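The following note sets out several points for a colleague who is examining this model. Please read them alongside the sequence and the coordinates.

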Amino acid sequence: MCPLPLAAAAVTAPRTPLRLLGRGLAAAMSTARPLKSVDYEVFGRVQGVCFRMYTEDEARKIGVVGWVKNTSKGTVTGQVQGPEEKVNSMKSWLSNVGSPSSRIDRTNFSNEKTISKLEYSSFNIRY
C-alpha cells in the first residue's frame, strides 16, 4: 500500500471556498495564454511504486489536467494539458522525478500541440 504524499499537510491545508470549486480548473485556465497538450510514456521501474498516484498529485499541484495509467508493457502512459509553462513543468517532473521508489529510464513525449480549450476538467488515474 502506498502512503499518501503529504497526508498530514493535507489535513491542515486551507480550504478552497465552495464558490471557486464550481468554476473548476478549466474555467481558471480559460485565459489568453496558449494551451498545450502532450502525450507521454514513461519507461523504467514505474509500476508497483505508486507512480500514478504521485503523478496525479503532482499534476494537481502544478495545475494541469489529463490522465495517467499503467500499460501492459510495464510502462506508464498518459496525457497532460494546460498552459505551456505548466505542461513543461510536468514534462520535467515526468522525465526526472517520478515517485520516490521509481526509476525513470526515459520518457517519450508525442503529439505535442497547441489546443484552443482543455479536453479534461481535472487530472485522473485511469484503470
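**Notes on the predicted model**

1. In α5, the residues Val 87, Met 90, Lys 91, Trp 93 and Leu 94 are buried, where buried means under 20% relative accessible area, exposed over 50%, and partly exposed in between (1.4 Å probe, protein chains only). Viewed down the helix axis, the buried residues of α5 fall within an arc of 160°, so they line one face of the helix; the arc is that of the directions from the helix axis to the C-beta atoms. These buried residues of α5 pack against β1, α4, β3 and β4, contact being defined as heavy atoms within 4.5 Å.

2. This is a predicted model, in which local features need pLDDT of at least 70 and side-chain atom pairs count only at pLDDT 80 or more, whereas totals for chains, interfaces and linings use all residues. Residues are numbered from 1 along each chain as its sequence is written, and side-chain values use heavy atoms, with hydrogens and water left out.

3. The protein chain has five helices and five strands, in the order α-α-α-β-α-β-β-α-β-β from the N terminus. Helices (H or I, at least four residues) and strands (E, at least two) are DSSP runs, numbered from the N terminus. Of the 127 residues of the protein chain, 41% count as buried.

4. The 13 residues of α5 should span 18 Å at 1.5 Å a residue, and the end C-alpha atoms of α5 are 18 Å apart, which agrees. The expected span is 1.5 Å times one less than the number of residues in the helix. Just after α5, Gly 98 takes a positive phi of about 65°.

5. The largest nonpolar core has 22 residues; such a core is a set of buried Ala, Val, Leu, Ile, Met, Phe, Trp, Tyr and Cys residues joined through side-chain atoms within 4.5 Å. At least two residues of this core come from each of β1 (35–45), α4 (51–62), β3 (76–83), α5 (84–96) and β5 (123–125). The most, five residues, are given by α4. Val 80 is among the residues with the most contacts inside the core; beyond its neighbours within four places in sequence, Val 80 is in contact with residues including Tyr 40, Val 64, Met 90, Leu 94 and Phe 123.

6. Cys 50, in the loop between β1 and α4, has a positive phi near 65° and is buried, at 13% relative accessible area. Asn 111, in strand β4 (residues 103–115), has a positive phi near 55° but is exposed, at 52%. Most residues other than glycine have a negative phi.
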